[in-house]
Amino acid sequence: MSASAIPVRLTEAMLVDLVTFRSNGVPVHTPVLSTPRGATLLVRTHHTAGKLKRIRQRPVVEVAPCDGRGRLLGPARSCTARILPGSEPDQCLGLLHARHGLIGRLATVLRRVRGMRDVIIEVSAS
């Protein structure tokens with residue numbers, strides 16, 4: 001593993017705890033579906049999610065493997081997050097759907113029914 005690669009433990013995790021930080025430094029934990037792409041992790045959210053504002057203000061995040069209730073299954077790793085441009089979500093959704101199967105596809109359908117647009121966050125090791 002190179003120094004700039006996401007640890008294997010995180011790439012194997014179906015869910016990760018994405019920790020973003022408010023402007024006053026308070027951490028906000030969010031369990032999210034993830035999938036690896038090269039040396040990065042891709043995380044999906046919707047266009048009105050508060051984590052997008054926090055990432056724009058401070059792109060330093062922490063990521064740890066977790067279960068569906070957000071309970072940590074391993075140590076957190078400091079990373080850098082980047083919101084991908086609007087042209088990339090469809091390709092990235094294909095990777096998420098391939099990895100998460102029915103749950104990933106169902107989440108996409110529910111978001112679209114609710115009028116939400118998908119936004120992809122790319123997380124890379126610091």
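**Core.** I began with the largest nonpolar core, which has 18 residues. L18, V61, V63, I121 and V123 touch the most other members. I then checked which elements supply it: β1, β3, α2, β4, β5 and β6 each give two or more residues. The largest share, four residues, comes from β6. I keep in mind that this is a predicted model.

**V61.** I listed the contacts of V61, setting aside neighbours within four places in sequence. The list holds L18, V19, T20, F21, I55, R77, S78, C79, T80, A81 and V123. L18 and V123 are also among the core residues that touch the most other members.

**Barrel.** Next I traced the sheet. Six strands close into a barrel in the order β1-β2-β3-β6-β5-β4, with antiparallel pairing. I noted the angle between neighbouring strands: 45 degrees on average, direction ignored. I see α2 touching β1, β2, β3, β4, β5 and β6, with its direction at about 55 degrees to that of β1. Helix α3, residues 89-113, touches β2, β3 and β6. The direction of α3 makes about 125 degrees with that of β2.

**Hairpins.** β1 (residues 15-21) and β2 (residues 27-37) are antiparallel and share seven bridges. V16 has V32 in β2 as its bridge partner. Five residues separate the two strands of this hairpin, and G25 in the turn has a positive phi of about 95 degrees.

β2 also pairs with β3 (residues 40-46), antiparallel, through four bridges. Here S34 is bridged to V43 in β3. The β2-β3 hairpin has two residues between its strands. In that turn, G38 has a positive phi of about 65 degrees.

**Helix α2.** Last, I looked at how α2, residues 50-57, is oriented. Which of its residues are buried? I get K51, L52, R54 and I55. They lie on the same side of α2, because they cover an arc of only 165 degrees around the axis. An α-helix has 3.6 residues a turn, so residues three or four places apart point the same way. The face turned away from the buried side carries K53 and R56, both exposed. I also looked up what the buried residues pack against: β1, β2, β3, β4 (60-65), β5 (77-83) and β6 (118-125).

Key:
Residues numbered from 1 in each chain as written. Predicted model: local features only at pLDDT ≥ 70, side-chain atom pairs only at ≥ 80, totals over all residues. Heavy atoms only, no water. Pairing = 2+ DSSP bridges. Buried < 20%, exposed > 50% of the residue type's maximum accessible area, 1.4 Å probe, protein only. Arc of directions from axis to C-beta. Contact = heavy atoms within 4.5 Å. Core = buried A, V, L, I, M, F, W, Y, C linked by side-chain atoms within 4.5 Å. Axes fitted to C-alpha atoms, helices over the stretch in contact; angles between N-to-C directions.
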